[in-house]
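This briefing covers selected features of the structure shown below, grouped by topic.

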Amino acid sequence: MKKSLLALAVLGAFAGAASAQSSVTVYGIVDLGFDNTDSGAPAGSINGIRGGGQNTSRIGFKGTEDLGGGLNAIFQLEATLQSDTGAAFGAPTTTTPTSGPNNGVAAGFGGFNRFATVGLQSKAFGTVNLGRQTSVIKDAYDIVDPYGDGGNIAPISTIFFNGALAGDYGRISNSVKYSTPSFGGFKASAAYGFGEATGDTGASSNYGLGLGYANGPLSVQFGYHNQDRSTAALVQTNENKLMFLGATYNFGVVKLHGAYADTKLENTTAATEVKYRNYLVGVSVPLGAAGNLFASYAVNENRTTNDADAQKASVMYTYDLSKRTNLYTGYSYTSNDDGSRIGLVTAAPVGESASTFTVGIRHKF
Amino acid sequence: MKKSLLALAVLGAFAGAASAQSSVTVYGIVDLGFDNTDSGAPAGSINGIRGGGQNTSRIGFKGTEDLGGGLNAIFQLEATLQSDTGAAFGAPTTTTPTSGPNNGVAAGFGGFNRFATVGLQSKAFGTVNLGRQTSVIKDAYDIVDPYGDGGNIAPISTIFFNGALAGDYGRISNSVKYSTPSFGGFKASAAYGFGEATGDTGASSNYGLGLGYANGPLSVQFGYHNQDRSTAALVQTNENKLMFLGATYNFGVVKLHGAYADTKLENTTAATEVKYRNYLVGVSVPLGAAGNLFASYAVNENRTTNDADAQKASVMYTYDLSKRTNLYTGYSYTSNDDGSRIGLVTAAPVGESASTFTVGIRHKF
Amino acid sequence: MKKSLLALAVLGAFAGAASAQSSVTVYGIVDLGFDNTDSGAPAGSINGIRGGGQNTSRIGFKGTEDLGGGLNAIFQLEATLQSDTGAAFGAPTTTTPTSGPNNGVAAGFGGFNRFATVGLQSKAFGTVNLGRQTSVIKDAYDIVDPYGDGGNIAPISTIFFNGALAGDYGRISNSVKYSTPSFGGFKASAAYGFGEATGDTGASSNYGLGLGYANGPLSVQFGYHNQDRSTAALVQTNENKLMFLGATYNFGVVKLHGAYADTKLENTTAATEVKYRNYLVGVSVPLGAAGNLFASYAVNENRTTNDADAQKASVMYTYDLSKRTNLYTGYSYTSNDDGSRIGLVTAAPVGESASTFTVGIRHKF
């Protein structure tokens, strides 16, 4: 529990304060470190102070209001922070899609690009949120990824779905999402993102379905994401279907991670499709009271084009200075087949390999 | 009183803390719902998750410092939040005016576009604020509007002043505003916004005057706004004069709202003028312990061009889950004469009607 | 100590809370006032409500986490606020440099342009911070400047280093900075900012060295800043060297300020250099319990071009309403030689003089 909420809870005991405990919590992550990244450019690699070695830096505001009867009102506003330069809120960090789920709002768009939601939460009936939020397929793979919700080293958000789709489909604007409570460890979710096209509700809309099981040492997570891509003239050009299935099992001395994903990009006008498959195996190993070792091996298999697969090996060691602050060092290596260019800058020749070495500090507030 | 201030107040009782109680309060509104809006486009209406059905979403920071002797220092920073996509702070949402009150800063401009003020507040002598703030005419009409300070359904901010002026003249940058304390229910205010033109203090400046009476069930509000519009070469092109007069009377079982407004856009170079008049009647009706019904009928009369009037009928029902959170549903219909296009997108033929249906949740934090 | 931290500390006494006290502090400055500025434009001066008369307005988030053993984790996020219009976070306020320390991120760039750091702080071993932060030369001159860390009246940030360099070199992105603890009043710091060019770590990098002594009434501050400027093709065009030496001595009834600076802009390709020297004398005088008078005289000497020097005289009076809030009035006059144009807008003829008169309020929260 955040200190500010603790303060209010303790005060309640002293002061007989109102039953509706509520507060705004300011929270976030600042993650910065030295980084050497080779993105395949002929000129060589880049040394620098870079953010997001372990997790993307962010700042947010959230709160919970007890409405009585087991019902809460909840809100969350969260923005990506480029902590090496301070850039935040301001400008798109990727090209704005002209169709698709984000409807003119790019993945890294200014403002509260990670979360902008309000909703109701009930222990008996589950949670419904409106606004901009994570897709259910991202909710599933973030639980399975050994490195949590991403960063420069993490494999799922960087090479799964051919390396370019996770960002597009990880967060959905203009959306409603419902998650059930946990029934004996089972939990289901469904989301719908409006395309908001004039006169055509289906155009550029997306939906997702998720199912999870978490009980004792075992966690199994399934997620599906379906994205309609239509032109401004409301002609469907693509229907993109992403499926993820992953599991973790915690033996105590080691936690195993495994994941499988399938992607179909169905070009409606040309009646063709592009297909990918992904695999991941990983481990998390606690080392002493404060250390943790993470390792993973992940594959992006291009099922449409030959000799266009990629493989990414990642390893990270973290050392906790407290529950909120840790040091880390990590390394990842992406090997591209002759026809693949995952993790490469535009100037890099196709088929080059990419690597990142990082040593830094992650502080949660 | 916000919980964080309560916490400090209670602590004061325990700890004998300093007499100057002070704090930064993080506050805001996240208002989101399902929305069907028809803006007259031939292709049809738009379904989506949209913000601001009841009130514009926002996030802010404010504080009060007790300086002793009945004097407070106050500050406020408040930004519009497009809660369906998370967009905030970043980019203009309307075209930046090249002259006029906002002096290169559009109504929806990034940053703290709603409030950026510091001032002094005295019970005996009133309040003075510097910076970007609401105009006195907006202060007047927000009190009279049945739906409070605006949103997609609200009539005054959307069709009064020909539907395009409220945003322009609702908030003024580079300004100073003074409000008297209440004398037997009477309160007056005056504001001046600098045009900040080189060598000409009057060019593009604006001023406003307000007078209000609030006592028991009756509230009467008057506001005037005068806007000089000059070119970069300091030639005055327009003097725009907006007047608002409104009143509410609370009978307990029902509250009546009535408003009248007059607009003159005097084109100085052509020696012509464009004139509008507005009327509103509305009711607010408490329904049970948690319900409220709002209804209004408003007119925009174009006094310069024939057959160019518009009428807007609005109705909204709100149901309180707490003091801070409520559900709502609302509907508004705007009927345009053959020569009017209020509430229409560019693609819509002139004279089309517009409508919005919304059902959502508003959470204040 | 901020009230929110006090609240937690007091609560700790009551509740036996955890030993790691931590919190996010929301803080900032809103500084606004009436301002008459003559920037040499033939059309005359500008009257307006303007921010930053005494100090630049800002908003920030920071926190300290006690890690035990005298070690703290610290973070800081701070943004410039244009408090007269509310603009913040959004857009560059100066041209983005195409080379140099800020690497595409202009001095006034959106987001947390002032600070975006995470670091470790130890009483025994000093402080290390990563991210975007002040350069060591700015740390030195902010201590010596009679007006603190800048504003429209302050001399060092506006005419030292030919008036254009302080902003460029005052804050560095992609950087690491280390400061020693104080040893008998002595304190040293070193910073390195990565240029982050592909294949060339030195290109566009910068470094700084600082040494300070503060003991009793005497403070002496030295700072050096070295900036490599290289083209995108990694050809070094410039090596810029800035040196600052200043001191203050507090006699109680008056505090004396003196400063000297030296700038060399070495054009590597043309083998030429441009040189400036700066001098400042100033006083701070407490007047009664709540008043303070500041006065300074500063010179920018152009050692490369004849008849291109400038002089700036500044005076300011502040009156404290509390520890956090004060009123102020100030005046500065910049006299340019025929070949100098410090403080002038583009439209102004070279050699014009510039002046600013301001009366306002500064509120810290």
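At 42% relative accessibility, B:Asp307 counts as partly exposed, a class that lies between the cut-offs of 20% and 50%. The model is predicted. The points below take up the backbone at this residue, then a nonpolar core and a nonpolar surface patch.

**Positive phi at Asp307**
- B:Asp307 is not a glycine, yet its phi is positive, at about 55°.
- Most residues other than glycine have a negative phi.
- B:Asp307 sits in the loop that runs between strand E15 (291–302) and strand E16 (310–320) of chain B.
- In chain C, phi of C:Asp307 is also positive, near 55°.
- C:Asp307 is found in the loop between strand E15 (291–302) and strand E16 (310–320) of chain C.
- C:Asp307 has a relative accessible area of 43% and is partly exposed.

**Nonpolar core**
- The largest nonpolar core has 69 residues, and those touching the most other members are A:Phe61, A:Phe112, B:Phe61, B:Phe112, C:Phe61 and C:Phe112.
- Beyond its neighbours within four places in sequence, B:Phe61 has contacts that include A:Phe61, B:Phe75, B:Leu77, B:Phe112, C:Val26, C:Ile59 and C:Phe61.
- In soluble globular proteins, nonpolar side chains tend to be buried together.

**Nonpolar surface patch**
- A nonpolar patch on the surface has about 800 Å² of accessible area together, and its members include A:Leu287, A:Tyr317, A:Tyr331 and A:Phe357.
- At least two residues of the nonpolar patch come from each of strand E16 (310–320), strand E17 (325–336) and strand E18 (354–364) of chain A.
- A:Tyr331 belongs to strand E17 of chain A.
- With a relative accessible area of 36%, A:Tyr331 is partly exposed.

How values were computed. Residues numbered from 1 in each chain as written. Chains lettered and ligands numbered in written order. Predicted model: local features only at pLDDT ≥ 70, side-chain atom pairs only at ≥ 80, totals over all residues. Heavy atoms only, no water. Core = buried A, V, L, I, M, F, W, Y, C linked by side-chain atoms within 4.5 Å. Buried < 20%, exposed > 50% of the residue type's maximum accessible area, 1.4 Å probe, protein only. Contact = heavy atoms within 4.5 Å. Patch = residues over 30% accessible without salt bridge, like charges linked within 9 Å, V, L, I, M, F, W, Y side chains within 5 Å. Areas by Shrake-Rupley, 256 points an atom, 1.4 Å probe, with all protein chains shown as cover. Salt bridge = Lys/Arg side-chain N within 4 Å of Asp/Glu carboxyl O. Helix = DSSP H or I, 4+ residues; strand = E, 2+ residues; numbered from the N terminus.
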